[in-house]
Amino acid sequence: MLIRKTSSKDVLQAAEIYENARRFMRANGNIDQWWEGYPGINEIESDIREGTGYVCEEDGEIVAVFYFRIGEDPTYKVIYNGAWLDESPYAVIHRVAVKYNGRGTVNKIYEYCYSKHPHLRIDTHEDNIPMQRSLSKNGFKYCGIIHLPNGDERRAYEKI
């Protein structure tokens, strides 16, 4: 599997993967996350401009999309009902979505990110049980609750 930065030619395929992820979430009890086309083309194009968008490619097919950036995330400055494991510099992972479930693609994303920076933070919706399981399986520890800029709560995880 090739993991590379997202390019402008990938936008429509990445948007389709996000749409499929929204459908998967709704079908699996997560009805409150990623509404109104988020993430969509605007986020994908912004990630391309910022150099934070990535895709996983297998046999020429894009099979996953995610955001990865080394550096602080303002939403992680305050954590409730817990604490971060470590305050050293970290990288963040956001908006992970795969085209096919059960193929280990998410594990490869985590491995890739960890190889680039050995201190990772990520968050997910309380109803996103498949993501919570994958995080625990891949060595992430639950740390507490963070709030998004709009006030929504997310479960925060860290791996060091």
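1. What share of the contacts in the protein with a separation of 6 or more comes from residues 24 or more positions apart? The share is 68%, where contact means heavy atoms within 4.5 Å.

2. On provenance: this is a predicted model, in which local features need pLDDT of at least 70 and side-chain atom pairs count only at pLDDT 80 or more, while totals for chains, interfaces and linings use all residues. Residues are numbered from 1 along each chain as its sequence is written, and side-chain values use heavy atoms, with hydrogens and water left out.

3. Secondary structure. The protein contains four helices and seven strands, and their order from the N terminus is β-α-α-β-β-β-α-β-α-β-β. The radius of gyration is 15 Å, close to the 15 Å that the globule rule gives for 160 residues, so the protein is as compact as a globular protein of that length. Helices (H or I, at least four residues) and strands (E, at least two) are DSSP runs, numbered from the N terminus. The radius is taken over C-alpha atoms, and the globule rule is 2.2 Å times the number of residues to the power 0.38.

4. Overall dimensions and surface. Along the principal axes, the C-alpha atoms fill a box of roughly 40 × 35 × 30 Å. The accessible surface is about 8300 Å², and carbon and sulfur atoms hold 50% of it. Accessible areas come from the Shrake-Rupley method with a 1.4 Å probe; for residues, only the protein chains shown count as cover. Of the 160 residues, 49% are buried. Buried means under 20% relative accessible area, exposed over 50%, and partly exposed in between (1.4 Å probe, protein chains only).

5. Charge. There are 21 positive and 24 negative side chains, and the centres of the two sets lie 4 Å apart. Lys and Arg count as positive and Asp and Glu as negative; His and the chain ends are not counted. Each charge is placed at NZ of Lys, CZ of Arg, CG of Asp or CD of Glu.

6. Main core. The largest nonpolar core has 22 residues, and Phe66 and Ile93 have the most contacts inside it. At least two residues of this core come from each of strand 2 (53-58), strand 3 (61-70), strand 4 (91-98), helix 3 (105-116), strand 5 (120-124) and helix 4 (129-137). Helix 3 supplies the largest share, five residues. A second, separate core of eleven residues includes Val11, Ile62, Val65 and Ala97. A nonpolar core is a set of buried Ala, Val, Leu, Ile, Met, Phe, Trp, Tyr and Cys residues joined through side-chain atoms within 4.5 Å.

7. Phe66 and Ile109. Not counting residues up to four places away in sequence, Phe66 touches Ile3, Tyr18, Thr52, Gly53, Tyr54, Cys56, His94, Arg95, Val96, Ile109, Tyr112 and Cys113. Ile109 sits in helix 3 and is buried, with a relative accessible area of 0%. Leaving aside neighbours within four places in sequence, the contacts of Ile109 are Ile3, Cys56, Ala64, Phe66 and Val96. Ile109 and Arg133 are 24 residues apart along the chain, and their C-alpha atoms are separated by 15 Å.

8. Asp59 is in the loop between strand 2 and strand 3 and counts as exposed at 83% relative accessibility. Arg95, by contrast, is in strand 4 and counts as buried at 14% relative accessibility. Arg95 is also among the residues that Phe66 touches.

9. Exposed loop positions. Lys77 lies in the loop between strand 3 and strand 4 and is exposed, with a relative accessible area of 60%. Lys77 and Gly104 are 27 residues apart in sequence and 31 Å apart in space, C-alpha to C-alpha. Pro149 is in the loop between strand 6 (141-147) and strand 7 (153-159); the relative accessible area of Pro149 is 78%, which is exposed. From Pro149 to Asp123, 26 residues apart along the chain, the C-alpha separation is 13 Å.

10. Helix 2. Glu50 belongs to helix 2 (residues 41-50) and counts as exposed at 52% relative accessibility. The C-alpha atoms of Glu50 and Arg69 are separated by 9.3 Å, with the two residues 19 apart along the chain.
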